[in-house]
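Please look over the sequence and the structure before reading on.

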Amino acid sequence: MRNTFKVLFYAAKGKEKNGIVPILGRVTVNGQIAQFSCKQSVPLSLWDVKGNRAKGKGEEAQKINHALDKIKARIIEFYNQIWERENFVTAEMVRNAYQFYGCFVNISYL
């Protein structure tokens, strides 16, 4: 069976306060979607909708993009570990693993 897997980030424009919006993430596995908060925010003027990241080379954009890269890498790790352990993965499983274990450095106990 072939799995499809994608991680994407987007700005929650409906929650804008003073030009700052929270960044949300979306994990899609075989068409199933699970969303989560990245616990990051960005000035709406810095957000690149097509690129799903902050635009520019300024310090703030680099800091945000670095955080998003780390989040994406962790989510990919969780996806791979769940697949190896269970031999199937859902978007909710990946999101839950990220939300529960995401702040820990060592995820070998998953």
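The points below cover confidence, helix packing and aromatic pairing.

This is a predicted model. Its average pLDDT is 89. A score of at least 70 is reached by 91% of the residues.

**Confidence**
- Residues 104-110 stay under 50 in pLDDT.
- For residues 104-110 the model has 14 contacts beyond four places in sequence.
- Where pLDDT is low, the predicted coordinates should not be read in detail.

**Helix packing**
- Helix α1 spans residues 59-86, and helix α2 spans residues 91-101.
- The two helices pack at about 120 degrees, and their axes are 9 Å apart.
- The crossing of α1 past α2 is right-handed.
- From α1, the contact draws on Ile71, Arg74, Ile75, Phe78, Tyr79, Ile82 and Glu86.
- From α2, Met93, Val94, Ala97, Tyr98 and Tyr101 take part.
- Sorted by class, this α1 and α2 contact holds ten nonpolar and two charged residues, with no polar ones.

**Aromatic pairing**
- The model has two aromatic pairs.
- One of them joins Phe5 and Tyr79, whose ring centres lie 4.1 Å apart.
- Their planes meet at 20 degrees, so the pair counts as stacked, the cut-off being under 30 degrees.
- Phe5 sits in strand β1 (residues 5-11) and Tyr79 in helix α1, so the pair ties together parts 74 residues apart in sequence.
- Tyr79 is also among the α1 residues that contact α2.

Technical notes: Residues are numbered from 1 along each chain as its sequence is written. This is a predicted model: local features need pLDDT of at least 70, side-chain atom pairs count only at pLDDT 80 or more; totals for chains, interfaces and linings use all residues. Side-chain values use heavy atoms; hydrogens and water are left out. Axes are lines fitted to C-alpha atoms, for helices over the stretch in contact, and angles run from 0 to 180 degrees between N-to-C directions. Helices (H or I, at least four residues) and strands (E, at least two) are DSSP runs, numbered from the N terminus. A crossing is left-handed if the near helix is turned anticlockwise from the far one by less than a right angle, and right-handed if clockwise. Contact means heavy atoms within 4.5 Å. Ala, Val, Leu, Ile, Met, Phe, Trp, Tyr, Cys and Pro count as nonpolar, Asp, Glu, Lys and Arg as charged, and the others, Gly among them, as polar. pLDDT is the predictor's confidence in each residue, from 0 to 100. Rings of Phe, Tyr and Trp (its six-membered ring) pair if their centres lie within 6.5 Å; planes under 30 degrees apart count as stacked, over 60 as edge-to-face and the rest as tilted.
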